[in-house]
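Hi,

Here is the structure I said I would pass on. Have a look at it first, and then read my notes below.

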Amino acid sequence: MRERFSSGAALALFETLDSTSLEARRRADAGARGPIWILALEQTAGYGRRGSGWEQAPGDVAATFLFDPGAPVEKLGQLSFVAALAVADAVRRFAPRAPISLKWPNDVLVGGGKISGILLELLKPEGGGLIALGVGLNIVTRPVLAEYPTARLLDFLEGQPAPSPEAFVHVLDETLHHWRGAWKSGGFQPIRDAWLADAAGK
């Protein structure tokens with residue numbers, strides 16, 4: 001299923017997929033440049049930083065945004081902070097009173113628990129570079145991990161129904177479009193200031 005967001009980005013929605021990030025890579029290898037969100041309701045081989053496995057339960061978000069950043073390669077690392085701000089703002093849209101904080105560089109915490117995993121991958125650097133921005137977000141499931149505490153959106157909705165993964169990505173597209181615009185027009189300074197305002201342990 002394909003549709004298009006108000007930002008101009010397309011959406012490719014899959015019932016089942018090995019990995020949204022792998023699908024983004026396949027599309028880039030085939031010549032696609034986006035912008036497109038790839039969303040899987042079930043992901044069988046998701047991965048995170050350094051190739052670690054990423055578990056996604058039904059009802060949670062597994063998505064990758066493939067796009068041309070339109071910026072020099074040396075500045076693309078700044079998009080980790082842009083993405084963290086976008087995810088935090090999307091969570092706020094559904095849970096305005098949730099205690100959100102950010103941990104370097106792109107961990108989004110709610111109530112001290114990690115609610116989201118963000119993976120930034122550079123594809124096709126020889127062609128000017130594409131970004132595959134992977135986002136996993138706990139909506140209905142709170143994984144039990146030994147390394148760090150986790151959180152889920154459902155616990156901060158104050159009785160409101162949990163959004164579907166597709167509804168969350170619709171909002172995330174809006175917030176990411178906003179913060180990418182701020183980054184393109186103002187450089188890294190407004191991103192840095194906003195990130196520091198929500199920094200954990202400040």
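**What I found**

The accessible surface of the protein chain comes to about 9,300 Å², and carbon and sulfur atoms own 54% of that. Bear in mind as you read on that this is a predicted model.

Overall build first. I get 4 helices and 8 strands in the protein chain, and starting from the N terminus the order is β-β-α-β-β-α-β-β-β-β-α-α. The radius of gyration is 16 Å, close to the 17 Å that the globule rule gives for 202 residues, so the chain is as compact as a globular protein of that length. If you want a box for it, the C-alpha atoms fill one of roughly 45 × 40 × 35 Å along the principal axes.

On the inside, buried residues make up 49% of the 202 residues. As for how the chain comes together, take the contacts with a separation of 6 or more: 66% of them are between residues 24 or more positions apart.

Now to helix α1, which covers residues 20–29. Its buried residues are Thr20, Ser21, Glu23, Ala24 and Ala28. Looking down the axis of α1, you will find them within an arc of 160 degrees, so they line one face of the helix. What lies over that face?

Past the helix comes Gly31, and its phi is positive, near 105 degrees.

The other spot I looked into is Ile100, which sits in strand β5 (residues 100–103). Is Ile100 buried or exposed? Its relative accessibility is 11%, and buried means under 20%, so Ile100 counts as buried. Which residues does Ile100 touch, once neighbours within four places in sequence are left aside? The list is Ala88, Val91, Arg92, Val108, Leu109, Val110 and Asp198. Leu130 is 30 residues from Ile100 along the chain, and the C-alpha atoms of the two are separated by 29 Å.

That is what I have so far.

Cheers

Notes:
Residues are numbered from 1 along each chain as its sequence is written. This is a predicted model: local features need pLDDT of at least 70, side-chain atom pairs count only at pLDDT 80 or more; totals for chains, interfaces and linings use all residues. Side-chain values use heavy atoms; hydrogens and water are left out. Buried means under 20% relative accessible area, exposed over 50%, partly exposed in between (1.4 Å probe, protein chains only). Helices (H or I, at least four residues) and strands (E, at least two) are DSSP runs, numbered from the N terminus. The arc is that of the directions from the helix axis to the C-beta atoms. The radius of gyration is taken over C-alpha atoms; the globule rule is 2.2 Å times the number of residues to the power 0.38. Contact means heavy atoms within 4.5 Å. Accessible areas come from the Shrake-Rupley method with a 1.4 Å probe; for residues, only the protein chains shown count as cover.
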